[in-house]
Amino acid sequence: MSKSILATGFLFVFGAGLSMNALAQAKPDVIVKQRQAVMTLQGKYFGPLVAVAQGKAPYNAAAVQRNAGFLDNLSRMAWDGFDPSTRNEKSRALPAVYDNNAKFKEYTSRLENETSTLVTLSRGGDEAAVKAQIGAVGKVCGACHDDFRSK
């Protein structure tokens, strides 16, 4: 095979790789919509858990475990959506997300840890422990909203 064919093939593959990378980079407004969608889903699965913890809904171990599992997965999804490119997009995120990113990341890590603990406890069958852990997850959510989300 000639060197020119190899060089052409290399350039084609390299160029295709660059094109794919450019296509994979979403616009800031799209990134914001994606992170908001994740947050909406977090609310969808956390709301019923809160109702259980408050005694407003009956404790159903299977439903609690299912919602906790979904919430655990969702708790890891939104954070890359707080890319600096989204700073000037319309959203409820306060500038503190970007100005005090270390604290924001601490909250995100705490949420991930608390939801993971909730999943573990939901498999154990101790209703009181699960309800207490739902409260712990709620405290992290509330603290983050207090510091990083406009009302």
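**Helix α5 and its neighbours**

Trainee: In this predicted model, which way does the crossing of α5 and α6 go, left-handed or right-handed?
Mentor: Start with the residues that meet: α5 brings, among them, Phe 104, Leu 111 and Leu 118, while α6 brings Val 130, Ile 134 and Val 137, among others. Where α5 passes α6, the crossing is left-handed.

Trainee: And are α5 and α6 roughly parallel or roughly antiparallel?
Mentor: The two helices pack at an angle of about 165°, and their axes lie 9 Å apart. Angles over 145 degrees count as roughly antiparallel, so α5 against α6 is roughly antiparallel.

Trainee: How far apart should the ends of α5 be, and how far apart are they?
Mentor: Helix α5 covers residues 101-124, which is 24 residues. At 1.5 Å a residue, the span should come to 34 Å. That agrees with the end C-alpha atoms, whose separation is 35 Å.

Trainee: Just after α5, which residue takes a positive phi?
Mentor: Helix α5 runs over residues 101-124. Just after it, with a phi of about 85°, comes Gly 125.

Trainee: Is Asp 72 buried or exposed?
Mentor: Asp 72 is in helix α3, residues 61-74. Its relative accessibility is 15%. Buried means under 20%, so Asp 72 counts as buried.

Trainee: Which side chain does Asp 72 join through a polar contact of 3.1 Å?
Mentor: Beyond its neighbours within four places in sequence, Asp 72 is in contact with Glu 112, Thr 115, Ser 116 and Val 119. Among the buried residues of α5 are Thr 115 and Val 119, and α3 is one of the elements covering those buried residues. The side chain at the other end of the 3.1 Å polar contact is that of Thr 115.

Terms used:
Residues are numbered from 1 along each chain as its sequence is written. This is a predicted model: local features need pLDDT of at least 70, side-chain atom pairs count only at pLDDT 80 or more; totals for chains, interfaces and linings use all residues. Side-chain values use heavy atoms; hydrogens and water are left out. Helices (H or I, at least four residues) and strands (E, at least two) are DSSP runs, numbered from the N terminus. Buried means under 20% relative accessible area, exposed over 50%, partly exposed in between (1.4 Å probe, protein chains only). A polar contact is a pair of N or O atoms within 3.5 Å; within protein, one must be able to donate a hydrogen and the other to accept it, and residues adjacent in sequence count only if both atoms are side-chain atoms. Contact means heavy atoms within 4.5 Å. The expected span of a helix is 1.5 Å times one less than its number of residues. Axes are lines fitted to C-alpha atoms, for helices over the stretch in contact, and angles run from 0 to 180 degrees between N-to-C directions. Angles under 35 degrees count as roughly parallel, over 145 as roughly antiparallel, 65 to 115 as roughly perpendicular and the rest as oblique. A crossing is left-handed if the near helix is turned anticlockwise from the far one by less than a right angle, and right-handed if clockwise.
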